[in-house]
Amino acid sequence: MGANNSREDLELSDSDAESESQDQETEEEEEEYYEDAKSPSSSGHKGSKTPSSLDEVEEKLKALKLKYPSHDPSPKNAVKLYLYVGANTPKSKWIVSDKLTSYSFIKTSQIDTSDDENEEEEENSWWVLKVGSKVRVIVDAQMQLKSFGDQKRVDFVSSGVWAMKFFSEEDYKDFVGKYQDCLFENTYGFESNDDNKVKVYGKDFIGWAKPEVADDSMWEDADDGLLKSPNSATPVRASQDLREEFEEAANGGAIQSLALGALDNSFLVGDSGIQVVKNFSHGIHGKGVYVNFDKGRQSLVHSAPRKALLMRAETNMLLMSPVTDGKPHTRGLHHLDIETGKIVTEWKFEKDGTDITMRDITNDNKGAQMDPSGSTFLGLDDNRLCRWDMRDKHGMVQNLSDASTPVLNWTQGHQFSRGTNFQCFATTGDGSIVVGSLDGKIRLYSSSSMRQAKTAFPGLGSPITHVDVTFDGRWILGTTDTYLILICTVFADKDGKTKTGFAGRMGNRIAAPRLLKLTPLDSHRAGVNNKFHGAQFSW
C-alpha cells in the first residue's frame with residue numbers, strides 16, 4: 001500500500017531515482033547531440049584538417065544539422081506532473097512524470113483523439129483537460145479531482161492517479177476556477193456565469209455555487225461528534241471480514257441490503273437468508289446466527305430481496321424484490337416472521353383495481369419499527385408517494401399526492417405529465433419525509449402536508465441513489481455514485497427562531513453542503529466498481 005509514502009503529501013524531490021534516471025537520459029541525449037561537433041583532435045579521427053576560417057566552421061556546422069534540446073523556461077499554464085506507480089504494492093510511490101509541462105482545457109467532441117489542430121467545437125462537445133501529451137480526460141465527477149491549496153496541487157484519476165503541482169498561488173487558483181467553470185458547463189449544459197448559476201441553483205441556493213458567500217454559521221456550531229469518527233468500541237476478531245463471513249454462510253450469495261435495528265440486532269439480507277449481527281455503539285459484529293428463507297415460497301427464491309424493512313418491535317420484516325432483473329420496481333412484497341424464518345404473507349400493490357409498482361418502502365417515522373402493533377408504512381415510486389396499511393385488503397389507505405400539485409402530479413397508473421423521478425426516501429422521528437431524485441434534487445416534506453415540499457435542495461449533477469436523515473431532522477445524508485452529500489437543515493427564521501427545512505421554507509439562510517468523497521488515490525485503488533452505496537446514520 002506504499003505505507004512509507006503519504007497519500008496526500010508528495011514528499012518528492014528531483015533527486016528521486018526516477019528523476020535521476022530521466023536527468024541522466026537527458027544528459028546522454030545532449031552528449032549525442034554534440035558528439036559529432038567535437039574537434040578533430042578530441043574525436044580521434046585521423047586525416048581530418050582543422051578549419052582555417054570561421055566561414056568554414058559555420059559551413060561544417062550547418063552540414064551537421066545539429067539537434068539542440070529546446071526548453072521553454074516558462075510555458076503558459078506550466079505545471080509539474082506526477083504519476084502514482086506501484087498500485088497496491090509495498091513499492092508504490094509518486095514519481096515525477098514530467099518536470100515541466102503545461103495544461104489546457106479544450107472543448108471537443110473527440111475525447112480520445114490527440115489531434116488538437118483540427119478540432120472544431122460541435123454541438124455535442126465537452127470540456128476536456130489536457131496535460132502535455134500524457135493526460136486527456138473529460139471534466140466530470142469521474143475525475144475525482146481533489147485540491148490541496150496549501151500545496152498548490154490537485155490530484156485526479158485518468159487511467160491512473162496523477163498530481164499537478166503549480167509554481168505559484170495565482171496559477172493554482174486560476175486552474176481551480178477554470179476547472180469549476182468547465183465542470184459546471186459539462187454537468188448542466190450552460191456556460192458558467194452568475195445568471196446561469198441562479199437558473200440552476202435558484203437565488204436562495206447561490207451559496208451552493210459560491211460557498212464563500214454561504215451562511216456557514218450552523219456548521220461552526222455543529223456537534224463535533226457528527227463530523228469526527230470516534231475510536232471504535234466494537235470488538236474485532238483477528239482477520240475479521242464480516243462480508244466474507246456472511247457470503248460464506250449465504251453459499252456465495254451477495255449482501256443485498258442492511259436493516260439497521262434500534263434494539264440489540266441489525267440484519268444483513270442476502271439471496272437466501274438473513275445474517276443477524278449484534279449492534280454496538282460504533283458498529284456491528286457477527287453473531288453467527290443465520291435465518292434461511294422458507295423455500296415454500298418459490299416467488300421469493302427467484303428474485304433476491306433488494307430492500308428490507310423492520311416492523312413490529314423488529315420481530316417482523318417486509319422484503320421487497322425487483323419484479324424483473326435489472327429494474328428496481330416491484331409489484332409486491334413478502335412479510336417475514338424473523339423468529340420463525342417463515343414468509344407469512346405475500347402482498348400486492350394495487351390501486352383502484354389496477355396493479356401498480358413501488359420503487360422503495362420505509363417506515364412511517366424513524367421509530368415506527370419499534371411499535372409492536374405497527375401496520376402501516378410508506379411507499380415511493382417514480383412519481384408517487386403513498387401510505388400502505390396491511391390491515392386493509394387494498395393496502396393503500398391514504399394517497400399523499402394530489403393531481404393539482406406540480407411536484408407529485410400524476411393522472412393514473414404510471415402516467416404523469418410532469419415527472420419527479422423519485423429514487424429513494426427516509427423519515428424523521430416525527431414522520432417528516434426526505435426524498436432524493438434522479439436529477440440530484442433533495443426535497444423535504446413536513447409530517448402534516450405531503451403535497452408540496454417545504455424545501456427543495458438543488459441537484460449537484462449526480463443522481464441520489466440513497467438518502468437518510470437524523471431522528472431530529474437536522475442532518476441529511478445523500479448518496480451518489482461518486483460522493484456523499486451532508487446537508488444541515490437548520491436555519492433561523494425572520495423572528496430568530498431555530499427551525500429545520502421540514503418545518504418552514506429556508507429562503508436564503510442556507511448553509512452550503514459538505515461533499516464527502518474518496519481521494520483520487522483511494523478511488524483508483526478501489527477498482528472499477530467503486531461506487532458508494534446506501535450511506536446512513538447510526539441510531
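Helices and strands here are DSSP runs, numbered from the N terminus. Keep in mind that you're looking at a predicted model.

Start with the second largest pocket, which has a volume of about 1400 Å³. Select Gln 180, Leu 183, Leu 460, Leu 515 and Lys 517: of the 44 lining residues, these are the closest to the pocket's centre. Now colour β5 (146-148), α4 (169-188), α5 (194-201), α6 (206-209) and β31 (514-516), each of which gives the lining at least two residues. Helix α4 provides the largest share, ten residues. By type, the lining splits into 21 nonpolar, 14 polar and nine charged residues.

Stay on α4 and pick Glu 185. It makes a salt bridge with Lys 107, with the closest N and O atoms 2.5 Å apart. Lys 107 sits in strand β2 (residues 93-108), 78 residues away from Glu 185, so this pair ties together distant parts of the chain. Are the two partners buried or exposed? Glu 185 is buried at 16% relative accessible area, and Lys 107 is buried too, at 19%.

Next, select Lys 178 and Asp 174, another salt bridge, this one with closest N and O atoms 3.1 Å apart. These two are four residues apart in α4, so about one helical turn separates them. Lys 178 is partly exposed at 30%, as is Asp 174 at 35%.

Last stop: Leu 518, in the loop between β31 and α11 (520-525). Show its contacts with Gln 144, Ser 523 and Phe 532, leaving aside residues up to four places away in sequence. Leu 518 is partly exposed, with a relative accessible area of 27%.

Technical notes:
Residues numbered from 1 in each chain as written. Predicted model: local features only at pLDDT ≥ 70, side-chain atom pairs only at ≥ 80, totals over all residues. Heavy atoms only, no water. 1 Å grid on protein atoms, 1.4 Å probe; cavity = no way out; pocket = protein on both sides within 12 Å on 5 of 7 lines; lining within 4 Å. Points joined across faces, edges and corners; volume = space filled by probe spheres on them. Nonpolar A, V, L, I, M, F, W, Y, C, P; charged D, E, K, R; others polar. Buried < 20%, exposed > 50% of the residue type's maximum accessible area, 1.4 Å probe, protein only. Contact = heavy atoms within 4.5 Å. Salt bridge = Lys/Arg side-chain N within 4 Å of Asp/Glu carboxyl O.
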